[in-house]
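The sequence and the model are shown below.

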Amino acid sequence: MNLEYLETARQVFVKEAESLLEVSRKLDNDLSAAIDAILQTPGRVIVCGMGKSGIVGRKIAATLASTGSPSFFMHPGEAYHGDLGMVTPHDIFLAISNSGETEEVVKLIPYLKDNGNYLVGMTGNRSSTLARASHSHLDIGVIEEACPLQLAPTSSTTATLAMGDALAVTLMKARDFQPENFARFHPGGSLGRRLLSRVEHEMRSENLPVVKAESEVLDVIQAMSRGQLGMAIVQHNGSWGVITDGDIRRAIEKYGEYVFSRKAYDFMTPQASRIAPTARVEDALVMMESRKINALLVFDNDRLVGVFKK
């Protein structure tokens, strides 16, 4: 283990953490004004930046878009060569430049003023051209980069990213943005599955392993093997129970060689947990977790229509 390497790496964390605290102390009414402007506009948030600021800007735009604030990234060079046609007067323009003097960004200011856009400048220099032209200025200035040569953007880009996160999270709280809203924008992820999918979309509805309460153990095992759900569903006097693989093992331990003379009702779990096909997957998973089970019977009114498993 090279201790010098570890110490160098730790110092990066220390310096960047100190920089973030420094930036947090400089938050003022300009942040509130920017938040209000975004909340009130029917337009989008257009994020613009050059170089490393542009790379961070893409992430900020993506975070805003996925948390309830329609947003996209616009490269300043492309903006000056036609993409400004995508900017409507209702859009909020978030321009990022650590120096506040980035030529490709600064030369967009006259157009934005003429177009009537609300300009949010994110810079490390309050007296810069971009800061002075902005309706709201978000100060991301840091005293020291983590780079020992003070050349590579390190603490400053971390501060920029954190300021973007601060915007997004504040907007989320102001909009009362809920997990269901987040899931709508992430339908392919696990959260989207839990919150958007319905039980009927994921339940098993064919070849269900249903047996009678009077069925013998061998019949139960054969039904379980055919169903491949690790369980059998027991129909008993208008009610429904279940037998799991674990129930079979426990029955063998209890009855020994006499297990094959027993009936399904001897070791089934009566009154199996059930759920409606229109219920959310999230609700099904919460029920299963709280009851420490891994399957639910799905009923449409009083009709068995499927089995939902984790």
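Ala, Val, Leu, Ile, Met, Phe, Trp, Tyr, Cys and Pro count here as nonpolar, Asp, Glu, Lys and Arg as charged, and the others, Gly among them, as polar. The model is predicted.

## Largest pocket

By these classes, the lining of the largest pocket consists of eight nonpolar, seven polar and four charged residues. The volume of this pocket is about 330 Å³. Its lining has 19 residues, and those nearest the centre are Val242, Thr244, Ile293, Asn294 and Ala295.

Three elements each supply at least two residues of the lining of the largest pocket: β8 (239-244), α13 (245-255) and β10 (295-300).

## Second largest pocket

The second largest pocket holds about 150 Å³ of space. It is lined by 13 residues, with Lys52, Ser53, Asn98, Pro153 and Ser156 closest to the centre. The elements that contribute two or more residues to this lining are α3 (52-66) and α8.

In the lining of the second largest pocket, three residues are nonpolar, eight are polar and two are charged.

## Cavity

The largest cavity has a volume of about 30 Å³.

The largest cavity is lined by Lys26, Leu27, Asp28, Leu31, Arg126, His137, Leu138, Asp139 and Met163. Strand β5 (residues 136-139) gives the most to this lining, with three residues. The lining divides into four nonpolar residues, one polar residue and four charged residues.

## Helix α1 against α8

Two packed helices are described by the angle between their axes and the distance between the axes. For helix α1 (residues 3-24) and helix α8 (residues 155-175), the axes come within 9 Å and cross at roughly 50°. Angles under 35 degrees count as roughly parallel and 65 to 115 as roughly perpendicular, and α1 and α8 are therefore oblique to each other. The crossing of α1 past α8 is right-handed.

On the α1 side, the contact is made by Lys15, Glu16, Ser19, Leu20 and Val23, and on the α8 side by Ser155, Thr158, Ala159, Ala162 and Met163. Five residues of this contact are nonpolar, three are polar and two are charged. Met163 of α8 belongs to the contact with α1 and also lines the largest cavity.

## Helix α2 against α8

The axes of helix α2 (residues 29-40) and α8 come within 10 Å, with a crossing angle of roughly 55°. That angle makes α2 oblique to α8. α2 passes α8 in a right-handed crossing.

Leu31, Ile35, Ile38 and Leu39 of α2 make the contact with Leu167, Thr170, Leu171, Ala174 and Arg175 of α8. The residues of this contact divide into seven nonpolar, one polar and one charged. Leu31 takes part in the contact of α2 with α8 and is among the residues that line the largest cavity.

## Helix α3 against α8

How do the axes of α3 and α8 lie, and at what angle do they cross? They come within 9 Å and cross at roughly 15°, which makes α3 roughly parallel to α8. This crossing is right-handed.

The α3 residues in the contact are Lys52, Val56, Lys59, Ile60, Thr63 and Leu64, and those of α8 are Thr157, Thr160, Leu161, Gly164, Asp165, Ala168 and Leu171. By class, six residues of the contact of α3 with α8 are nonpolar, four are polar and three are charged. Lys52 is part of this contact and also one of the residues closest to the centre of the second largest pocket.

Methods
Residues are numbered from 1 along each chain as its sequence is written. This is a predicted model: local features need pLDDT of at least 70, side-chain atom pairs count only at pLDDT 80 or more; totals for chains, interfaces and linings use all residues. Side-chain values use heavy atoms; hydrogens and water are left out. Axes are lines fitted to C-alpha atoms, for helices over the stretch in contact, and angles run from 0 to 180 degrees between N-to-C directions. Helices (H or I, at least four residues) and strands (E, at least two) are DSSP runs, numbered from the N terminus. Angles under 35 degrees count as roughly parallel, over 145 as roughly antiparallel, 65 to 115 as roughly perpendicular and the rest as oblique. A crossing is left-handed if the near helix is turned anticlockwise from the far one by less than a right angle, and right-handed if clockwise. Contact means heavy atoms within 4.5 Å. On a 1 Å grid over the protein atoms alone, a cavity is a set of points where a 1.4 Å probe fits but cannot get out, and a pocket is an open set with protein on both sides within 12 Å along at least five of seven lines; lining residues have an atom within 4 Å of a point. Grid points are joined across faces, edges and corners, and a volume is the space filled by probe spheres set on the points.
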